[in-house]
Amino acid sequence: MFGRVAPRYDLLNRLLSGRVDVYWRNRLTKAVRSTLSQPQARVLDLCCGTGDVALALERERMRLCGPVARPVIASDFCRPMLDGAQRKLRTATGLLEADAMRFPLPDASVDLITVAFGFRNLANYSAALEEFARLLAPNGRVAILEFSQPTLPGFAQVFDLYFKQVLPRIGNAVSGAGDAYSYLQRSVDRFLTPEELGVAMQRAGLRDVFFERLTFGVSCLHVARRP
Ligand SMILES: C[S@@+](CC[C@H](N)C(=O)[O-])C[C@H]1O[C@@H](n2cnc3c(N)ncnc32)[C@H](O)[C@@H]1O
């Protein structure tokens, strides 16, 4: 499914979110600036898709540290998505085709993990969080940006109508990828609430968990630290 979506993925992100997705990814980048400002920090963007988060991380790192910064590693298990990422990212960026649930790096080998709009798709949330905790070095951080469900009365109803009736129709038609954008809507519907994800992160051994709802709760950013 992700392979079929890849050619029009960026276009649909901008179109369906009215470019708010760019703001969300930048918000994530700002939230982890203290790690990005360390030139030797090992940064891993999982479920990187066509590389927009990795690109935002690279730019912020370049701004903070200059070219001495260690390149970001961007990873996804879908080759067509990685091909899209390759066209955007600087040649130094490490691209790795791998499953985020069983990542081929040793324990404690990463200082920052980011996952934007990919976590919801993983088969087992607890196992995925344990895998992230395994990969993180002590004091390493993980930042998860994901869709959520707005709760603000009035806005929630209008958004629900857009998300369930309008978005899947446009997404399915423009992507030409069957009912991929109906899947998006269903997967957000059954995803954890921000509070539940916070608890799952704690259970996986992560600490200092905090979350911030973005754009009236349409998406949510969680950040946590491995002790
Ligand atoms: C909705 S896209 C998000 C892409 C990108 N992070 C962004 O912000 O636009 C979700 C991505 O997660 C990837 N993905 C889903 N499950 C995965 C897994 N188990 N391991 C690696 N990548 C996975 C898909 O291939 C897809 O590229």
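Where is Asp160 found? In this predicted model, Asp160 is found in helix H8. The residue counts as partly exposed, because 14 C-beta neighbours sit inside 10 Å of it. Val188 is 28 residues from Asp160 in sequence, yet the two are 11 Å apart in space, C-alpha to C-alpha.

Two packed helices are described by the angle between their axes and the distance between the axes. Here, H8 covers residues 155–175 and H9 covers residues 180–189; their axes come within 7 Å and cross at roughly 145 degrees. On the H8 side, the contact uses Phe163, Lys164, Leu167, Pro168, Gly171, Asn172 and Ser175. H9 brings in Ala180, Tyr181, Ser182, Leu184 and Gln185. Sorted by class, that makes six nonpolar, five polar and one charged residues.

Gly176, for its part, is in the loop between H8 and H9. With 11 C-beta neighbours inside 10 Å, Gly176 counts as exposed. Between Gly176 and Gly217 there are 41 residues in sequence and 29 Å in space, going from C-alpha to C-alpha.

Helix H5 comes next. The helix runs over residues 52–65, and at 1.5 Å a residue its 14 residues should span 20 Å. Which residues of H5 are buried? The list is Asp52, Val53, Ala54, Leu55, Ala56, Leu57, Glu58 and Arg61. These buried residues pack against several helices, namely H3 (20–31), H4 (33–36) and H6 (79–88). They also pack against strands E1 (43–46), E2 (73–76) and E4 (110–116). Just after H5 comes Gly66, which takes a positive phi of about 75 degrees.

Asn139 is another, with phi near 75 degrees. That residue is found in strand E5, which spans residues 136–147. Is Asn139 buried or exposed? Asn139 counts as exposed, since there are 11 C-beta neighbours inside 10 Å.

On to the interior. In soluble globular proteins, nonpolar side chains tend to be buried together. The largest nonpolar core in this model holds 52 residues, and Ala54 and Ile113 touch the most other members. Ala54 is also on the list of buried H5 residues. Leaving aside neighbours within four places in sequence, Ile113 is in contact with Leu44, Leu46, Phe132, Leu135, Leu136 and Val142.

With 17 C-beta neighbours inside 10 Å, Leu214 counts as partly exposed. Not counting residues up to four places away in sequence, Leu214 touches Trp24, Arg27, Ser219, Cys220 and Leu221. Met81 is 133 residues from Leu214 in sequence, and the C-alpha atoms of the two are 25 Å apart in space.

Key: Residues are numbered from 1 along each chain as its sequence is written. This is a predicted model: local features need pLDDT of at least 70, side-chain atom pairs count only at pLDDT 80 or more; totals for chains, interfaces and linings use all residues. Axes are lines fitted to C-alpha atoms, for helices over the stretch in contact, and angles run from 0 to 180 degrees between N-to-C directions. Helices (H or I, at least four residues) and strands (E, at least two) are DSSP runs, numbered from the N terminus. Two residues are in contact if their C-beta atoms, placed from the backbone, lie within 7 Å. Ala, Val, Leu, Ile, Met, Phe, Trp, Tyr, Cys and Pro count as nonpolar, Asp, Glu, Lys and Arg as charged, and the others, Gly among them, as polar. The expected span of a helix is 1.5 Å times one less than its number of residues. A residue is buried if 20 or more other C-beta atoms lie within 10 Å of its own, exposed if 12 or fewer, and partly exposed in between; C-beta atoms are placed from the backbone. A nonpolar core is a set of buried Ala, Val, Leu, Ile, Met, Phe, Trp, Tyr and Cys residues joined through C-beta atoms within 7 Å.
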